[in-house]
Amino acid sequence: MYNSPLVTRDPAGRRKHCHAMNPTPDTSRPAPGPTQPHHLDCDEATFRLIPRLAEAYGDVVRVQSPNLERPTWLISNPEHIRRVLVSNHRNYVKGVGFERVEMLLGNGIIVSDGAFWRRQRTMIQPAFSRGNMPRFFDMVREVTERTRAHWRELAATGETLDVTHATGEYALEVILRLIFSEDLDFFRDQEGINPFRFLTEDPSRNLMVAMKFRQLLKQVGVLIQRRRETGARPFDLLSLMMDARASRSNEAMTDRELVDEVATLIIAGHETSAGTLNWAWYLLGQDEASAAALRDEVCRVCGDGDPTYDQLEQLAFTRQVLDETLRLYPPVWLFTRKAVEADMLGGQQIAPGDNVFLSPWLTQRMERYWDEPEAFRPERFAPGQGDDRHDQAFFPFSAGPRRCIGEFFSYVEMRTHLAMLAPHFRLRATAGQSIELEPAINLRIRHNLTMSIETL
Ligand code: HEM
């Protein structure tokens, strides 16, 4: 088994992380990095560049941007990632690039920082508690049942399935149900169709989309007002957030704050799961043994029926498939932090104001941490496998206090999706498709994936 150079074992065999990461800085030599400037961003050029930079210059690469005064740093070593996101997280705030998201999300918790972020996170977190999950699961199950009926019709007529579109619509419907429950129909009644649909039809996040989205959010403001006036609180994320109180002041969120958090949950909560499911179907379509193992597992755990909430946890292989998909295609492939005060990473002096770039895409495909990193092998996440691997060699949901708030829920959603659909359908990619990646804010597939669909 592959042994990470960063994780050792004590005499009792327990995992022990090496902390040899803060030696005295070697100021006599320039920091490793290219001499020509590069502007790192969520784009194609950066996507292609970062593996080469890490290969050529190592764990901590200094990159001078033509647009920024301060240097940027690309880090790929799990130990340094852990320092930035977990052990020294107080020294790092959200970095360059988040301004663009601000246009879409206002000051929602993906964007905010400091005391305001902490207040919002503490108010929103309880909504995602384990206790609420069975009721969210019921919503997911209903959406999946409708998806299954639609897929059956397609299979019966011999039509192909646009998997990218289908998983996009699915995940959007799920998150909208979670936020608005029956009031999603209130939006529908007014517009005739689901007015948020354009988010899956036009995945670019340009100014026009941002303006259209913000315009639509005015309707959310109307809904909040209506709930305040009538006192109606159906069980959903919006009600839970409306009733949340800040721990010190006991204040509720303002309408504006609620609208920004709703916007954040819609955007953060659908494209990520949709992308993961899209790739999971693609990968399972390429690997009949894994697809069969997943179907067998569902059959063994759930018999002929659909999973109950309690059975989801027992779907261990299904979870492995999802983890391996997230390793190969992490939707959030690049993110940034900005140093508040000086820090040391891998012997390099990070100055206040420097931006640090972290990429699950990069670290999760490094040979140093992963055996045959390009191969789809769900078994590597099986219990007992990869115990020597550093925790932060896999971080599709980030880590530390700013770790994804929807992580647990997203596994409920994605496991339910696969467990309710995979035993009933065989999906195979249709011939002649070019499977390309489109690295933007999220890592997406460039051309929609179509697959033939047959009932089992
Ligand atoms: C496969 C699914 C998902 C992936 C891979 C994912 C990934 C991530 C990552 C990497 C971050 C941290 C970004 C950063 O710190 O810069 C994040 C934050 C966040 N995610 Fe997710 N996410 C997923 C699903 C969801 C879902 C389903 C929701 C909501 C229902 C959600 C809501 C959020 C929110 C609100 C934050 C901001 C948390 C904070 O800063 O305190 N995510 N997610």
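This is a dialogue on how the labels used for this predicted model follow from its coordinates.

Tutor: The model is predicted: local features need pLDDT of at least 70, side-chain atom pairs count only at pLDDT 80 or more, and totals for chains, interfaces and linings use all residues. Residues are numbered from 1 along each chain as its sequence is written, and side-chain values use heavy atoms, with hydrogens and water left out.

Student: Why is Q36 called partly exposed?

Tutor: Buried means under 20% relative accessible area, exposed means over 50%, and partly exposed is in between, with a 1.4 Å probe and protein chains only. Q36 has 44% relative accessibility, so it counts as partly exposed. Q36 is in the loop between β2 (15-17) and α1 (44-57). Helices (H or I, at least four residues) and strands (E, at least two) are DSSP runs, numbered from the N terminus.

Student: What makes I50 the site of a bend in α1?

Tutor: The bend at a residue is the angle between axes fitted to the seven residues ending there and the seven starting there. At I50 that angle is about 30°. A proline, P51, follows within four residues. Just after α1, G58 takes a positive phi of about 100°.

Student: Which residues of α1 are buried, and what do they pack against?

Tutor: T46, F47, L49, I50, L53 and A54 are buried. They pack against β3 (60-63), β4 (72-75), α15 (360-363), β12 (437-439) and β13 (443-445). Contact here means heavy atoms within 4.5 Å.

Student: What makes α2 (residues 78-87) mostly covered?

Tutor: In α2, 8 of its 10 residues are buried. They are P78, E79, H80, I81, R82, R83, V84 and L85.

Student: How do you know that N77 caps the N-terminal end of α2?

Tutor: A polar contact is a pair of N or O atoms within 3.5 Å; within protein, one must be able to donate a hydrogen and the other to accept it, and residues adjacent in sequence count only if both atoms are side-chain atoms. A side-chain oxygen of N77 lies 2.8 Å from the backbone nitrogen of E79.

Student: Why is L358 called buried?

Tutor: Its relative accessible area is 0%, so L358 is buried. L358 sits in strand β10 (residues 355-358). Beyond its neighbours within four places in sequence, L358 is in contact with residues including I75, I81, V84, W333 and F395. L334 is another contact of L358. L358 and L334 are 24 residues apart in sequence and 5.8 Å apart in space, C-alpha to C-alpha.

Student: Why does N132 count as buried?

Tutor: N132 has 15% relative accessibility, so it counts as buried. Its place is the loop between α4 and α5 (133-157). A polar atom of the N132 side chain lies 3.0 Å from the backbone oxygen of A127.

Student: Why do N250 and E372 count as exposed?

Tutor: N250 has 53% relative accessibility, so it counts as exposed. E372 has 52%, so it counts as exposed too. N250 is in the loop between α10 (237-243) and α11, and E372 is in the loop between α15 and α16.

Student: What is phi in N250 and in E372?

Tutor: N250 has a positive phi of about 65° although it is not a glycine. Phi of E372 is near 40°, also positive in a residue other than glycine. Most residues other than glycine have a negative phi.

Student: How many residues surround the ligand, and which are closest?

Tutor: A residue is near a molecule or strand if one of its heavy atoms lies within 4 Å of it. The ligand is surrounded by 27 residues, and the closest are K94, W117, R121, R337 and C404. An oxygen atom of the ligand is 3.0 Å from a side-chain N or O atom of K94. For R121, a polar side-chain atom lies 2.7 Å from a ligand oxygen. For R337, the distance from a side-chain N or O atom to a ligand oxygen is 2.6 Å.

Student: Which helix gives the most to the shell around the ligand?

Tutor: α11 does, with 5 residues. By class, the shell has 16 nonpolar, 7 polar and 4 charged residues. Ala, Val, Leu, Ile, Met, Phe, Trp, Tyr, Cys and Pro count as nonpolar, Asp, Glu, Lys and Arg as charged, and the others, Gly among them, as polar.
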